[in-house]
Amino acid sequence: MATSSPPAQTTLLIGGSNGTATLCAILGDKSKPVNANHTLRVATRSSRRFLDGGRPRVWRCKEKKHLSDVISADFLPTRILTHVGSPDSVFVYGNDSNEKSNAFSEGNGSNSNDNTHTDLSQLEQAISGISSPDNGGIADIIVLACPVSAHLSLLRRIARAVYNLDARGLLGSSNRPPILIGSLYAAGGFDWMSRIAFFSERPEGFTRWKRPLGLFGLKAFPYLCKSLVVGEVSLHGRYPQLQVAVTPSNSYTRRHAQVLLDRVLQNATTGKSLEFLGLSSTEELGGDGTVGEESLVFQNQLGNGGLGYGGVDTANSARNAMMIAAQTHKQLKEAKEGSSSGAVAASMPPAMMSIAPPSNQLANAVPASPTLDMLLTQSLSDYADPSSALGFLTCTLNSTNQILHPCILVALFGEGGSNNSSNDDGTITWNPKIEGTPLPRFYADGAAKPLAGELITSIA
């Protein structure tokens with residue numbers, strides 16, 4: 001049976017990290033059907049790693065495929081998968097004020113999508129697709145794959161670029177889905193830095209966006225990867241959980257982010273799924289379960305040939321989706337509380353889920369109105385935290401970073417301090433012969449001080 005091709009998507013990776021190299025090899029492999037209609041761009045400060053003789057560099061990624069992403073041990077069987085691919089185009093943004101057109105692709109430069117806007121910077125070209133060598137059009141999602149220390153400066157570059165493009169009407173209209181901007185590792189107050197960047201770069205007289213924007217951030221970097229040679233990268237493993245915060249916090253943005261990020265993170269291939277953070281998350285993550293109810297609705301509508309990749313496209317369909325979710329929630333609640341009607345509901349799909357009424361019936365039953373749309377298309381948890389501040393705070397307080405600092409102090413100053421001494425200027429002496437390692441190590445499975453490793457493990 002023939003399968004339909006995935007919809008067109010343009011992903012822009014910003015940063016020259018090992019994560020960017022890994023995604024270039026995996027997403028840039030055009031021999032894979034899952035990568036069909038997926039345009040991949042890279043914007044980087046230096047051309048050395050991602051250009052080879054004026055063309056996008058081909059990256060080879062050797063992925064060590066473990067039996068499990070949760071349990072890792074040397075005795076468990078593993079296999080090696082090889083990914084070979086390259087981005088469709090590379091942009092070297094350099095210094096904004098001195099940039100010249102300097103984009104490269106695997107195709108002929110004469111095929112550039114040039115709409116005569118020759119004054120656009122490299123980053124503006126990468127986002128808008130104008131003068132781009134590929135045919136991907138405007139970027140659907142902008143992904144920062146870089147160290148946290150580079151977030152603020154890159155976000156300010158992005159802010160300047162999108163403000164300029166939006167003012168010139170080059171990002172599309174308001175009826176198009178939001179352009180998502182985010183990071184594969186949103187620790188360190190990514191949403192705060194985004195606010196700072198867009199506020200500080202906001203031009204005088206700006207009132208509103210012609211096309212909406214959205215923000216996302218992953219709690220943990222999804223790959224354990226390392227590149228020692230340009231053009232080659234090793235993927236030692238994938239993080240078992242993909243938890244993400246998005247703003248605005250509503251079903252529309254969550255569904256749109258899920259479609260785009262599922263493709264970037266290859267969830268259809270790996271079998272992983274996104275978990276949304278914040279007040280609307282599942283009950284297992286401390287939320288009110290809104291996300292779980294939305295998932296049931298989307299799965300049902302997808303099975304009936306409904307929303308599919310498009311998500312909730314209109315207020316009317318969002319209203320219908322939330323009505324179904326409300327009925328589903330009622331039946332699931334009755335089942336959990338043990339009512340007689342709930343006992344029956346627990347053994348079968350909720351009525352509105354199993355036989356969804358035609359959308360015109362719902363539309364007639366629930367007349368359109370701004371107030372009703374506001375009440376029915378957004379959960380109370382989304383109203384309580386419309387920017388998903390708590391979701392992003394979860395990313396900021398990522399335990400893998402926060403528990404490291406007290407453990408470092410314990411490793412350096414704990415256990416009586418007999419081996420180490422602190423000088424007046426704050427420096428710490430470290431005797432490699434006594435300690436057994438050239439430098440201190442602070443990881444749970446190999447801490448130089450056993451107490452530090454025990455603390456990390458117990459707290460985690």
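1. **Ground rules.** This is a predicted model, where local features need pLDDT of at least 70, side-chain atom pairs count only at pLDDT 80 or more, and totals for chains, interfaces and linings use all residues. Residues are numbered from 1 along each chain as its sequence is written, and side-chain values use heavy atoms, with hydrogens and water left out.

2. **Overall build.** The protein chain has 18 helices and 15 strands. Helices (H or I, at least four residues) and strands (E, at least two) are DSSP runs, numbered from the N terminus. Of the 460 residues in the protein chain, 47% are buried. Buried means under 20% relative accessible area, exposed means over 50%, and partly exposed lies in between (1.4 Å probe, protein chains only). Now take contacts, meaning heavy atoms within 4.5 Å. Among those between residues at least 6 apart in sequence, 72% join residues at least 24 apart.

3. **The largest core.** A nonpolar core is a set of buried Ala, Val, Leu, Ile, Met, Phe, Trp, Tyr and Cys residues joined through side-chain atoms within 4.5 Å. The largest one has 39 residues. Ile14, Ile127 and Ile142 have the most contacts inside it. Elements giving two or more residues to this core include β1 (9–14), α2 (122–128), β9 (141–144) and α14 (389–396). Which element gives the largest share of this core? It is α3, with 8 residues.

4. Leave out residues up to four places away in sequence, and isoleucine 127 still touches Leu12, Ile142, Ala161, Val162 and Leu165, among others. Arg41 and Gly137 are also among its contacts.

5. Another core lies apart from the largest one. This other core has 37 residues, among them Ala21, Leu51, Ile141 and Val264.

6. **Helix against helix.** α3 and α4 pack at an angle of about 45°, with their axes 8 Å apart. Axes are lines fitted to C-alpha atoms, for helices over the stretch in contact, and angles run from 0 to 180 degrees between N-to-C directions. The angle makes α3 oblique to α4. Angles under 35 degrees count as roughly parallel, over 145 as roughly antiparallel, 65 to 115 as roughly perpendicular and the rest as oblique. The residues that meet include Leu155, Ala159 and Val162 in α3, and Phe190, Met193 and Ala197 in α4.

7. **Cysteines.** A disulfide is a covalent bond between the sulfur atoms of two cysteines. Here the rule is a pair of cysteine sulfur atoms within 2.5 Å. How many disulfides does this rule give? The count is 0. Cysteine 61 is buried, because its relative accessibility is 0%. Cysteine 146 also counts as buried, at 12%.

8. **A cis peptide bond.** The bond from threonine 247 to proline 248 is cis, with omega near 5°. Proline 248 sits in the loop between β14 (242–247) and α5 (251–264).

9. **Two positive phi angles.** Asparagine 37 is not a glycine, although its phi is positive, at about 65°. Asparagine 37 lies in the loop between α1 (18–27) and β2 (38–44). Its relative accessibility is 43%, so asparagine 37 counts as partly exposed. Glutamine 266 is not a glycine either, and has a positive phi of about 60°. Its loop runs between α5 and α6 (267–270). Is glutamine 266 buried or exposed? Glutamine 266 counts as buried, at 8% relative accessibility.
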